[in-house]
Amino acid sequence: MQSISPEIIFRGDDAWEKSLPHIIQLTKSPLILGRSIFTDNLRSKIFADLKNQNLTVNSARLKFDCCLEDISKVKNIILNNNHDSIIAAGGGKVLDSGKYIAELLNIPCITVPLSASTCAGWTALSNIYTKNGQFIKDVALRSCPKVLVYDHKFIQTAPSRTLASGIADALAKWYESSITSSTIDDGLVQQAIQISRVLRDQLLIDGKKAFNDEFKNISSWRNTIEACGLTAGLVGGIGGEKCRTAAAHAIHNAITQIITPNKFFHGEIVGVGLLLQLRIEEMKNSNKLADQSIKQLLVLMKELNLPTTIADLGINVFENQNLDKIADFTCRDESEIHFLPFEISKQDIIDVITNFEQQKIKI
Ligand SMILES: [Zn+2]
């Protein structure tokens with residue numbers, strides 16, 4: 001069984017307004033889920049618009065992350081108030097929580113991404129973290145959200161940093177899927193990999209222009225936000241589980257185990273993981289193109305003001321056994337790192353990260 005995409009997608013300016021007649025057919029008593037106070041005004045608009053349609057509306061806020069504590073709290077609010085749907089309006093953590101809770105309660109989930117930072121509004125997947133943001137596991141869901149509302153006007157209000165993060169996360173699709181899945185004899189998987197290549201090319205061409213677009217309105221901005229929020233999700237949907245992640249995400253998951261005072265976005269950490277994955281390919285798989293890819297990606301990542309080392313994420317790997325902790329988590333049995341088509345050991349990860357971080361310090 002494979003759920004390729006949300007049942008219905010509304011996209012563009014005024015997508016929210018256009019989705020309203022459909023949403024009122026689907027639900028009479030939705031719960032609106034969010035997290036950041038910076039997007040409260042957008043959720044207030046969603047709340048007011050639904051109230052105007054005579055729906056019984058309530059709202060809830062995640063306190064921490066997409067974690068079991070928040071999930072159970074929101075689940076109880078829905079049960080106690082007989083809500084018949086969940087509208088997750090926010091970033092990746094809110095969207096992942098909404099999808100997971102909807103699946104647990106067997107009610108429809110409507111995703112309304114408020115930035116282009118991930119493709120979580122599309123996918124049938126939730127990442128579960130601890131209260132402190134440490135990755136625990138991926139949960140494959142039965143289906144993608146019932147409705148995805150990708151309203152460009154909402155996304156225009158998000159800081160450019162969220163777009164940079166979305167670009168890094170979407171770029172990883174090609175580098176991860178092409179190495180893990182190019183030998184899989186399945187037409188859909190192969191086509192998904194090809195889409196991820198076109199997606200990467202588009203981001204290399206348009207990413208910088210989109211990031212620097214002050215008014216967030218030119219076609220490269222629109223193409224880029226849709227690439228990050230929609231196309232990246234489509235790749236996951238068509239390609240299925242094997243086409244998703246490899247070392248970049250495995251290293252992301254490991255880096256989140258180190259708690260730091262400043263939180264970084266998912267894609268920002270994945271971007272660093274992606275550079276490390278390419279170094280691993282160079283070292284363990286004699287991939288001569290990897291170094292060129294790193295140089296090409298570094299140019300864009302610098303232009304997008306993205307972190308490019310673990311040190312940039314506020315972590316000194318040479319302190320507090322951090323390197324050991326990251327290498328351990330990266331290589332645990334259930335890690336996606338083992339989707340790589342060659343053996344990888346904890347010592348390999350230690351060597352690659354040590355080289356990588358020391359090289360950077362010299363620069
Ligand atoms: Zn990701």
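Guide: The side chains of glutamate 7 and lysine 146 form a salt bridge, with 3.1 Å from N to O; the term denotes a side-chain nitrogen of Lys or Arg within 4 Å of a carboxyl oxygen of Asp or Glu. This pair links distant parts of the chain, for its members are 139 residues apart. Glutamate 7 belongs to the segment before β1 (8-12), whereas lysine 146 lies in the loop between β7 (135-140) and β8 (147-151). Helices (H or I, at least four residues) and strands (E, at least two) are DSSP runs, numbered from the N terminus.

The model is predicted: local features need pLDDT of at least 70, side-chain atom pairs count only at pLDDT 80 or more, and totals for chains, interfaces and linings use all residues. Residues are numbered from 1 along each chain as its sequence is written, and side-chain values use heavy atoms, with hydrogens and water left out.

Glutamate 7 counts as exposed because its relative accessibility is 57%, while lysine 146, at 28%, counts as partly exposed. Here buried means under 20% relative accessible area, exposed over 50%, and partly exposed in between (1.4 Å probe, protein chains only).

Side chains of opposite charge can pair when their charged atoms come close. The whole structure holds 23 salt bridges. Another joins arginine 43 to aspartate 40, at 3.0 Å from N to O. Both of these residues lie in helix α2 (residues 40-52), three residues apart, about one turn of the helix. Arginine 43 is buried, with 8% relative accessibility, and aspartate 40 is partly exposed, with 25%.

A further salt bridge connects arginine 279 with glutamate 282, whose closest N and O atoms are 2.7 Å apart. Because they are three residues apart in helix α10 (residues 266-285), about one helical turn separates arginine 279 from glutamate 282. Arginine 279 is buried at 18% relative accessibility, and glutamate 282 is partly exposed at 31%. Salt bridges with shared partners join Arg279, Glu282, Asp291 and Lys295 into one network.

As for the setting of these pairs, the protein comprises 13 helices and eight strands. Buried residues account for 58% of its 363 residues. Among contacts (heavy atoms within 4.5 Å) between residues at least 6 apart in sequence, 75% join residues at least 24 apart.
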